Amino acid sequence: MYYGAIEAGGTKFVCAVSNSELEILERVSIPTTTPEETMGEVFAFFDKYQLTSIGIGSFGPIDVNTKSNTYGYVTTTPKVAWANYNFLGAIKERYQVPAGWTTDVNAAALGELKKGAAVGLESCLYLTVGTGIGGGAVVKGQLLEGYGHPEMGHMLVRLHEDETFKGTCPYHGNCLEGVAAGPAIEKRWGKKGFELAEDHKAWEMEAYYLAQALMNYILILSPEKIVLGGGVMKQKQLFPLIRKELAKLMNNYVAMPDLETFIVPPTLGDNAGITGCLLLAEKALDDE
Ligand code: ADP
Ligand code: ZN
């Protein structure tokens, strides 16, 4: 019995095959170029196995609405070669096995809930702060999806009083992603995030924005755990700064779990997404 998993990112695809215990037997990393090229390599990897089912966590925007004609497609992505690509359809056509399909960050939230930082709980929110900002969640065991999927990175935030940067988001300018993703940090300060000192003002500003976002997610979803991943969160000093700013903003209005254990890095590290995809494959088989 082999589960297949694809964590499809904007820069690379990670593919893995596991046994029924979800132990990874083989994995590969493939650059994201064109669907023809990348999917050719994906097929070459999985063709060696008689897959039982497969789970896909994809970069987006993607269509997750089962009632839609374009369910399973990558839709309006700025990566033009992938726009309107029937990703799920291509996988189903080739392997004819049950397939799970959601966003990369929903998959990561599922991974952390079942195998990582939120084990034993019923809900978990996962936010990645990297080239972009994206969030996914599992609530009472269900992936958070509706007409579309959450786009938690593009929420609106109050600007910091010292903010002069106009933001990088091509759609909204200074939405959360526009002011707080890795490229915004780089453009505002003229240096890459990892080149800035641990006590640089950039991190206070970053925490100011991320704490606002977390407050809103908490007020809407009340997750039991919030996992913050992605390249920017490698700056570990951000965690206490965010917790402090969040406490200040919330001002004891709603009860929150102990912030030290509530807002945490991913226990699975870079494996959160691929683990979630394997769990999706398992679920796809159970749901058949
Ligand atoms: P992606 O979002 O493309 O999947 P990452 O999560 O690694 O990839 O995010 C990349 C972004 O994170 C870049 O903008 C990079 O400058 C920033 N980044 C990566 N490592 C660090 C670090 N140690 N400190 C601060 N920023 C970082
Ligand atoms: Zn935006």
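**Ground rules.** I'm working with a predicted model, where local features need pLDDT of at least 70, side-chain atom pairs count only at pLDDT 80 or more, and totals for chains, interfaces and linings use all residues. Residues are numbered from 1 along each chain as its sequence is written, chains are lettered from A and ligands numbered from 1 in written order, and side-chain values use heavy atoms, leaving out hydrogens and water.

Ten residues from domain 1 and nine residues from domain 2 make the contact (heavy atoms within 4.5 Å).

**Interface.** How much area do domain 1 and domain 2 bury between them? I get about 730 Å², 53% of it on carbon and sulfur atoms; this is the accessible area (1.4 Å probe) that two parts lose on being put together, summed over both. On the domain 1 side, Val64, Asn65 and Thr103 lose the most, together 46% of what that side buries.

Three residue pairs are in polar contact, both residues at pLDDT 80 or more. That term means N or O atoms within 3.5 Å, one able to donate a hydrogen and the other to accept it, with residues adjacent in sequence counting only if both atoms are side-chain atoms.

Strand S7 (99–103) and helix H9 (272–287) each supply at least two residues of the domain 1 side. These are DSSP runs numbered from the N terminus: helices H or I, at least four residues; strands E, at least two. S7 gives the largest share, three residues.

**Thr77.** I checked the loop between S5 (73–74) and S6 (85–86), where threonine 77 lies. Threonine 77 is buried at 5% relative accessible area (buried is under 20%, exposed over 50%, partly exposed in between; 1.4 Å probe, protein chains only). A polar atom of its side chain is 3.0 Å from the backbone nitrogen of lysine 79. Threonine 77 also touches Gly60 and Pro61, among others, and the peptide bond from glycine 60 to proline 61 is cis.

**Positive phi.** Lysine 140 has a phi of about 50 degrees and is exposed at 64%. Serine 222 also has a positive phi of about 50 degrees, and is exposed at 54%.

Key:
Lists of a residue's contacts leave out its neighbours within four places in sequence.
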